[in-house]
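Have the sequence and the 3D view open while you read.

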Amino acid sequence: MPYSKKHKLRSKSRIMHSATELFCRHGFDRVSIGQIMEVAKMTHGAFYNHFESKEALFSASFLESFRRGTVGRLAKAPFSIKHLAALATDYLSLRAFRDRRDPGPEAVLFNEIGSERPAIRKLYEEAYERMKKMLEVRITALARLGKLPFAVNREIAADRARSIIAAMVGAVAVARSITDPREQHLVLLAAQRQILAMLGVSESAYDPAKIAG
């Protein structure tokens, strides 16, 4: 008797959930199909009923994790300084690498920095462009509404967006390379403050220390 559509959807969701968790923790190259199916508590053969390859699963997992992560939530949030500043102070964006029990979706981005696989590089570039565009639109809109303490044009908005992304991803890359917990904390805290400064946001209004440490 063939499985029902509902059963197939549940099975695919289990595989996706397991893959996202493992890719977030370890990165594409250090995760096997066998490991994914073991975490999903399903047989290895069942994998190919839902995905053509590990690369196809990674693609689906990457887009889903990006959609439900901090950036995805911010894209749907109201246009406000509070929501834009959340990108700098949100627990998931700058501390995901430290939470081994429930890694944040943005960890996928950090894990695949410098990947030489064309398919993964393409996904990474698409995610970068999507994130940059979202930041540009929000910075421009908030500046025009008089909610940011500086005037912007297209070039300024794009440059601020690039700087925010670079600060966030760079901070996580550095923090992952050192073992001293205090220094990790200070690196992440410095990046959060740098992003708030780029937005002209007062630290007293959005104290990163209360969230970062």
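Start with Lys 41, which is exposed because its relative accessible area is 69%; exposed means over 50%, buried under 20%, and partly exposed in between, using a 1.4 Å probe and protein chains only. This is a predicted model, where local features need pLDDT of at least 70, side-chain atom pairs count only at pLDDT 80 or more, and totals for chains, interfaces and linings use all residues. Residues are numbered from 1 along each chain as its sequence is written, and side-chain values use heavy atoms, leaving out hydrogens and water.

Lys 41 also has a positive phi of about 60°, although it isn't a glycine. Most residues other than glycine have a negative phi.

Leu 145 is another exposed loop residue, and its C-alpha sits 9.8 Å from that of Ser 80, 65 residues apart along the chain.

| Residue | Relative accessibility | Loop between |
|---|---|---|
| Lys 41 | 69% | H2 (33-40) and H3 (54-68) |
| Leu 145 | 55% | H8 (118-144) and H9 (154-177) |

Helices here are DSSP runs (H or I, at least four residues), numbered from the N terminus.

Now the inside. Leaving aside residues up to four places away in sequence, Leu 199 touches several residues, among them Leu 84, Pro 149 and Phe 150; contact means heavy atoms within 4.5 Å.

Key
Helix = DSSP H or I, 4+ residues; strand = E, 2+ residues; numbered from the N terminus.
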